[in-house]
Amino acid sequence: MKEIYIFLLKLIIIIQMFGALFILFGGIKSVEYAKLNVMVIIPIIVLINLLPIDFFETSKKYIVSKYIDYSNDNKTAEEIIEENSNTFILPKIHKIISNRYFVDNINTFNPVTYQGILVLALIINVYLLKYKWNLIK
Amino acid sequence: MANNSMFIIIMLLHFIVWFTVIFGAMFSSTLAKFNIFYLYPATYLSYVVFNACILNVFESNLSGDKEFNIVKEKIPNFNVSLYEFTTGLFNNCAQNPASPMGMIIVGFIVSLYSLKYIWNEI
């Protein structure tokens, strides 16, 4: 049973990773993806982020809470999530960049938070729309 | 005395920049494009490079002399009050849209939708 939960946890990490890659670089593939990213997907993500819970983080914690054995395991839920994330290269790079911006528990100007990645994705996609797809004059 | 004037100028400039970031696109298509292609990327880059808001740093560093501090009490930084009020409204959200990065995203979306539906340029 534990293996299924670990698989689900890794699946969520992979979905999150590919979701971020799609909104960042999907616009290179076609003009429709670039338009979809800036006009639909990113505004929807912003609206979802207005909810009081973070969907991905809550799901990860829920899955870990299902299999964690507090009597034998000394690790916290966060540590288990981090351990599983570190099996992939991109979350590792993400963590290295994040740590550089984590000063005095203030993380406002981190370029790779949810919001930082959304801004970066918007910048990449609008520049692609202008210079690659010539959609904005 | 120069510090006082400088503080007021930077405070007003900071307010105008954020007003332009969010609502500028509604006034003209040129401003919308300026926001999208220059202002937002420049703001994002300044955050990434300096890990701080430059105008905020100027505002804080100007509190050098005693006379300035007396004036500062009389003229509070309304940008800070406005920021605390707007972030307070969205305190329970997973990601606060009134944070500096959040406001750039909101501005981006407003500008893109203005370009599409008000100015018909996309």
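**Exercise 1. Work out what share of the contacts in chain A with a separation of 6 or more comes from residues 24 or more positions apart.**

Step 1. Start with the contact rule: two residues touch if their C-beta atoms, placed from the backbone, lie within 7 Å.

Step 2. Keep the chain A contacts with a separation of 6 or more; residues 24 or more positions apart make up 60% of them.

Step 3. Before going on, know what you're looking at: this is a predicted model, where local features need pLDDT of at least 70, side-chain atom pairs count only at pLDDT 80 or more, and totals for chains, interfaces and linings use all residues. Residues are numbered from 1 along each chain as its sequence is written, while chains are lettered from A and ligands numbered from 1 in the order in which they are written.

**Exercise 2. Describe the build of chain A: which elements does it have, and what box do its C-alpha atoms fill?**

Step 1. Elements are DSSP runs numbered from the N terminus: helices are H or I with at least four residues, strands are E with at least two.

Step 2. On that basis, chain A has 6 helices and 0 strands, giving the order α-α-α-α-α-α from the N terminus on.

Step 3. Along the principal axes, the C-alpha atoms of chain A take up a box of roughly 65 × 35 × 30 Å.

Step 4. Now burial. A residue is buried with 20 or more other C-beta atoms within 10 Å of its own, exposed with 12 or fewer, and partly exposed in between, with C-beta atoms placed from the backbone. In chain A, 23% of the 137 residues count as buried.

**Exercise 3. Find out which residues chain A brings to its contact with chain B.**

Step 1. Count both sides: 28 residues come from chain A and 25 residues from chain B.

Step 2. Look for elements of chain A giving two or more residues to its side: these are helix H2 (31–48) and helix H6 (114–132). H6(A) has the largest share, 9 residues.

Step 3. Sort by class: Ala, Val, Leu, Ile, Met, Phe, Trp, Tyr, Cys and Pro are nonpolar, Asp, Glu, Lys and Arg charged, and the others, Gly among them, polar. The side of chain A comes out as 20 nonpolar, 5 polar and 3 charged.

**Exercise 4. Describe how H2(A) and H6(B) pack.**

Step 1. Two packed helices are described by the angle between their axes and the distance between the axes. The axes are lines fitted to C-alpha atoms over the stretch in contact, and angles run from 0 to 180 degrees between N-to-C directions.

Step 2. For H2(A) and H6(B), the angle is about 145° and the axes are 11 Å apart.

Step 3. List who meets whom: A:Val38, A:Met39, A:Pro43 and A:Val46 face B:Ile105, B:Ile109 and B:Leu112.

**Exercise 5. Pick out the residues that touch the most other members of the largest nonpolar core.**

Step 1. A nonpolar core is a set of buried Ala, Val, Leu, Ile, Met, Phe, Trp, Tyr and Cys residues joined through C-beta atoms within 7 Å.

Step 2. The largest one has 31 residues, and those touching the most other members include A:Leu118, A:Leu122, B:Ile105 and B:Phe108. H6(A) supplies the largest share of this core, 10 residues.

Step 3. Zoom in on A:Leu122: leaving out residues up to four places away in sequence, A:Leu122 touches A:Val38, A:Ile42, B:Ile105 and B:Phe108.
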